[in-house]
Every structure is written in structure tokens, then in C-alpha cells.
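Thanks for asking me to look this one over. My notes are below, as numbered points you can read with the model open.

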Amino acid sequence: MSAFASPWEVAAFFRWLAGSYRGIQNDRQLAHASHDGKRKVVEIEQLQERLAQNKAQLLVAIERVRNRPEELACADRPFQVLNQLRKKSA
């Protein structure tokens, strides 16, 4: 996955930005729109943080399923992995 946005994503962002500022008639409205934009950036950063944590947890779960004890029955493997993850997060 690339760290850079595609041209389509950049164009979509500028269309959204232009729509956000359409109809602004004074500095107060501009300040409010700017504040909303900053709030959205913070929300996006929080979502990215949560996604990174979820990704890390999922990778740990996948690795634990792959490296399970051989003597463990197939039906018991999901429970064993979940129990390990619960212990780790506690």
C-alpha cells in the first residue's frame, strides 16, 4: 500500500475542500470551517491509530494460530488463541 494518494484521491479531496468553503461570507464562518477541518484531521489520525492497533492485534492472532501447539485439537485452537489475546490485553 502506497503512502501517497492517487490523483483520483487528491482530486476528490479538493472537491470536498471546495464544497466545504463554498458559501463562506465572513471571517467568522471561515474560522468555523477551518476549525471543522482541523477536527476532521484529528478524527482521521485517531482512526488511523485504532486501525494500526487492530492490525497489530490481528497479526498477532494470525501468528499464534500458525504457531499453535500440535497436540491441540482443531476445535480448541480458536479458544486457545482468544485466551492468549485476552491475557495479553489484560
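This is a predicted model: local features need pLDDT of at least 70, side-chain atom pairs count only at pLDDT 80 or more; totals for chains, interfaces and linings use all residues.

1. A word on burial to begin: a residue is called buried when its relative accessible area is under 20%, exposed when it is over 50%, and partly exposed in between (1.4 Å probe, protein chains only).

2. Residues are numbered from 1 along each chain as its sequence is written, and side-chain values use heavy atoms, with hydrogens and water left out.

3. On to the fold. The chain has three helices and zero strands, in the order α-α-α from the N terminus. Helices (H or I, at least four residues) and strands (E, at least two) are DSSP runs, numbered from the N terminus.

4. Accessible areas come from the Shrake-Rupley method with a 1.4 Å probe, and for residues only the protein chains shown count as cover.

5. Now the charged contacts. A salt bridge here is a side-chain nitrogen of Lys or Arg within 4 Å of a carboxyl oxygen of Asp or Glu, and the whole structure holds two of them. In one, Glu-43 meets Arg-39 at 2.9 Å, N to O; in the other, the closest N and O atoms of Lys-40 and Glu-43 are 3.9 Å apart. Together, Arg-39, Lys-40 and Glu-43 make a salt-bridge network.

6. Where do Glu-43 and Arg-39 lie? Both belong to helix α2 (residues 27-66), four residues apart, about one turn of the helix. Lys-40 and Glu-43 are also in helix α2, three residues apart. Glu-43 is partly exposed at 32% relative accessibility, Arg-39 is partly exposed at 37%, and Lys-40 is partly exposed at 38%.

7. Finally, do look at the nonpolar surface patch of Val-10, Phe-13, Phe-14 and Trp-16, with about 400 Å² of accessible area together. Patches are made of residues with over 30% relative accessible area and no salt bridge; like charges are joined within 9 Å, nonpolar side chains (Val, Leu, Ile, Met, Phe, Trp, Tyr) within 5 Å. Trp-16 sits in helix α1 (residues 7-21) and is partly exposed at 44%.
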